[in-house]
Amino acid sequence: MSRIKAAFWDPTGARYAIPTWPWRMSPPHLMTLRQLAAEGLRPGGQGVQAQVMWSSRRRVRVAFLYDVRLALPKRTATPRQLEALAKANAARRTCPACRADVGYVLPRHLGICLDCHYGPAEVAA
Ligand SMILES: [Zn+2]
């Protein structure tokens, strides 16, 4: 093991407070957020369990690791949730004055569509 790797070898966390491994030497059940996401998982309630440290361009880099055994499936929106979201977004695009879905979210400070507020001619200009 190289000197650098030995410096980051701390599976008990004696030196770095949490278990630490050199790059590519961490146990397979510990994954980064990105790796969890690739498996369709999220950390769930767990905090950071361990870390990987490596040197890159004279700087020490850290990646935090989560235990895949404590991870939970990613929440995906149900069809009903998607429908509710679509409805809410449609409501934000629908002008209360002319009742049209104008295709953009109504400016909050106007509360109505640009055509109703300024008149069509001025908007086009
Ligand atoms: Zn309108």
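Among contacts in the protein chain between residues at least 6 apart in sequence, 42% join residues at least 24 apart; two residues are in contact if their C-beta atoms, placed from the backbone, lie within 7 Å. The model is predicted: local features need pLDDT of at least 70, side-chain atom pairs count only at pLDDT 80 or more, and totals for chains, interfaces and linings use all residues. Residue numbers start from 1 along each chain as its sequence is written.

**The whole chain**

Of the 125 residues, 13% count as buried. A residue is buried if 20 or more other C-beta atoms lie within 10 Å of its own, exposed if 12 or fewer, and partly exposed in between, with C-beta atoms placed from the backbone.

Next, colour residues 3–73 as domain 1 and residues 79–124 as domain 2; these bounds come from an automatic or database domain assignment. The C-alpha centres of domain 1 and domain 2 lie 46 Å apart.

**The sheet**

Switch to a cartoon view, where the protein chain has five helices and six strands. Helices (H or I, at least four residues) and strands (E, at least two) are DSSP runs, numbered from the N terminus. Select the four strands that form an open sheet of mixed pairing, in the order β1-β4-β5-β2. β1 (20–22) and β2 (30–31) stand at the edges with a single partner strand each, so one side of each has no neighbour in the sheet. Two strands pair if DSSP finds at least two bridges between them.

Select residues 50–56, strand β4, which pairs with β5 in the antiparallel sense over seven bridges. Within this pairing, Met53 has Val62 of β5 as its bridge partner. The two strands form a hairpin with two residues between them, and Arg57 in the turn has a positive phi of about 50 degrees.

Move on to β5 (residues 59–67), which also pairs antiparallel with β2, over two bridges. Here Leu30 has Asp67 as its bridge partner, and Met31 stands opposite Tyr66.

**Leu72**

Finally, select Leu72 in strand β6 (residues 72–73). Is Leu72 buried or exposed? Leu72 counts as exposed because it has 12 C-beta neighbours inside 10 Å. Beyond its neighbours within four places in sequence, Leu72 is in contact with Leu41, Arg42 and Gly44.
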